Amino acid sequence: MPTYTEHDLIADIEKEEGGYKYGFVTETDADTIPKGLSEEVVRLISEKKGEPEWMLEWRLKAYRHVLTLLEDDEHYPRWAHLDYTEPDFQAISYYSAPGKKPKYNSLDEVDPELLETFERLGISLMEQKRLVGIEDKETMPVAVDVVMDSVSVATTFKEELAKQGIIFCSMGEAIENHPDLVREYIGSVVPYTDNFYAALNSAVFSDGSFCYIPKGVRCPMELSTYFRINAAGTGQFERTLIVCEDGGYVSYLEGCTAPMRDENQLHAAVVEIIAKEDAEVKYSTIQNWYPGNDEGVGGVYNFVTKRGICEGKRSKISWTQLETGSAVTWKYPSVILKGDDSVGEFYSVAFTKGAQQADTGTKMIHLGKRTKSTIISKGVSAGTSNNSYRGLVKINKKAEGARNFSQCDSLLLGDKCGAHTFPYIEINNSTAKVEHEATTSKVGEDQMFYCMQRGISEQDALNLIVNGFAKQILAKLPMEFAVEAQKLLSIQLEGSVG
Amino acid sequence: MSAMLDIKNLHAEIEDNEILRGLDLTVNPGEVHAIMGPNGSGKSTLANVLAGREEYEVTEGSVTYNGQDLLDMDPEERARDGVFLAFQYPVELPGVSTMQFLRTAVNAMREHRGEDEMNVAEFMKLMREKADFVNLDHSLMQRSVNEGFSGGEKKRAEIFQMAMLDPKLGILDETDSGLDIDALKIVSEGVNKLRADDRAFVLITHYQRLLNYIRPDVVHILMDGRIVKSGGFELAEELEAKGYEWIREHADDAVVA
């Protein structure tokens, strides 16, 4: 059984052997076909998307890997500080899953609470309809306009970007139109053997985004607006690939502040970033999947593998995230700092309330000389939720003069929630400098009372204090999203007093 | 003239320790009352009870503020109705700028009065004006509330906030503690400028020093949770000369009903 994991990948990269070695070799390893996930389903997805043979082969290999993993009792990642029932992978409908949303005929049928949230986030009526999936053309001519509108907006952007040689399209289109690029890079940072969810994603990924920045090009816009349009309707298993050539720059934003209700319980995305010499990639995420009710029932399980590699010298990758949704979050955006003088950054705010659980953090793998990483993680827990930071800082033998600074702050609202910090530090070079700071504080009665004594309501007081706590991170988000992020945080905080 | 604040037989405890034991106090609009007392006499408890801090439990007595039952109001309602507490230890709010904080507060109060939000330009102008009131560096407005402020800056910032919020009743809880003489003067001048016919102050202090700069109309001495002696400014001077022990010895015949 293939056991090529993240560790092997890093070892290979370090040896400069060209990375991932389980490329596109055909294996025939037909096991019994389980009910939910089957070779037929994988073939069907690939066929439906009109994929070339090599893509199908890759999916099938990943699929076979999933099968071997399922046979092994130890296949499933259980080390995280999370308590939930392992999904029944054979009960999931993989084929029909992508893009499946509850269907409504009009907004009258939609949960009023959800609509109220939309309203307060300032999401237009038209976008609301699109988000909840109202598609009936006869009763909803407006929605059709919006769809057409979006397409044209997207096209305008695309043309403008194309002039500079930037490719920005769905993964499906990329496989069709830029097969060489996809084939070269897909799975090179997150191989399908990396972990269980990476394997699952590789086998059945529905769609996602592909972004290519040619040499010396600075992408002139935040790749966000388009993505929001693009992302709505992508299913459980997104796959994103960003390649930034020498001296390129791109700021990429994923996600949506609107609460995405989805029938799909399990989301397992993969994001891969490759930054060449002097390239810089900023990747920002706002995650607000449905967290379920206060007992966590019906919420989304969000298991994401995000990793970037600073291939070239002086390259830089920054991850910034605001995580507020999902019943269970399992996510560690990482950077492999291979190029000398490369820089990795991780800025995160994770907010949990109700029965939400989050185990999130990062890995900074220092391979090159004078590589530098910064980790700032802010966890806010309310209700009976559990919020964990888990981070690895690894300095390898050759990483002369590597530096890391980590800061993990936790803020507790009330006394029934939990905050945990699990820092792992491995240093194999004596010239490394690694600093770690961690604080845990409770939203003080003192702070609340101080605000209220100035006439500020309890809710507004909490908003001020929590937004203040998260400010350092929110300020890293692209401007327009920082504002939305603040609003989102405020809405999430409602009912968290006490 | 009806009293602004009327405290009758107030008993209050924290964690089952009774601190206030039958306190009476009447404050009329326009008056400045000084409450002096040794450590542990209940000065800060009084301030906290008036502001509505939850940890303190009122077990007996009443507090009437402008005809309303003050004890029945939430802390923010009290604030919006004009009760301001200058904290002995102002709290730091990391990441919350003074400007943002005060804007939220000012607008909450305006909303309470049925007024529109103050526009940004108007608000900025007001902030600059009131900051100059207590010689507060304008750059502090952009910084997080009280974070990294010096002791003197924190106390000045409290008076600045008071000026911004324009209260009816200002309670100053040991605002003089930890201030050097220059800062004390600035803070006192700020308070003096805010004195008005329709505004009253309760100054809580350990030392007479503050009263040299803010001249009170009435001085009360608080011991063991009750006002044991009241008088004019000369009482403060006498206390300064003779010390709290002298009051303790004369407490029995000095209790003011």
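**Cavities and interface**

The structure holds 8 cavities of 30 Å³ or more; a cavity is a set of points on a 1 Å grid over the protein atoms alone where a 1.4 Å probe fits but cannot get out. This is a predicted model, in which local features need pLDDT of at least 70, side-chain atom pairs count only at pLDDT 80 or more, and totals for chains, interfaces and linings use all residues. Residues are numbered from 1 along each chain as its sequence is written, chains are lettered from A in the order in which they are written, and side-chain values use heavy atoms, without hydrogens and water.

Second largest cavity
- Its volume, the space filled by probe spheres set on the points, is about 80 Å³.
- Lining residues have an atom within 4 Å of a point; of the 14 here, the closest to the centre are Ser377(A), Gly379(A), Asn387(A), Ser388(A) and Tyr389(A).
- By class, the lining has 4 nonpolar, 8 polar and 2 charged residues, with Gly counted as polar and Tyr as nonpolar.

Interface of chain A and chain B
- The contact (heavy atoms within 4.5 Å) takes 19 residues from chain A and 32 residues from chain B.
- The buried area (accessible area, 1.4 Å probe, lost on being put together, summed over both parts) is about 2,100 Å², of which carbon and sulfur atoms give 63%.
- Phe449(A), Tyr450(A) and Arg454(A) supply 37% of the area that chain A buries against chain B, more than any other three residues.

Salt bridges
- The count between the two chains, A and B, is 2 salt bridges (a side-chain nitrogen of Lys or Arg within 4 Å of a carboxyl oxygen of Asp or Glu).
- Arg454(A) forms a salt bridge with Glu158(B), with the closest N and O atoms 2.7 Å apart.

Notes:
On a 1 Å grid over the protein atoms alone, a cavity is a set of points where a 1.4 Å probe fits but cannot get out, and a pocket is an open set with protein on both sides within 12 Å along at least five of seven lines; lining residues have an atom within 4 Å of a point. Buried area is the accessible area (1.4 Å probe) that two parts lose on being put together, summed over both.
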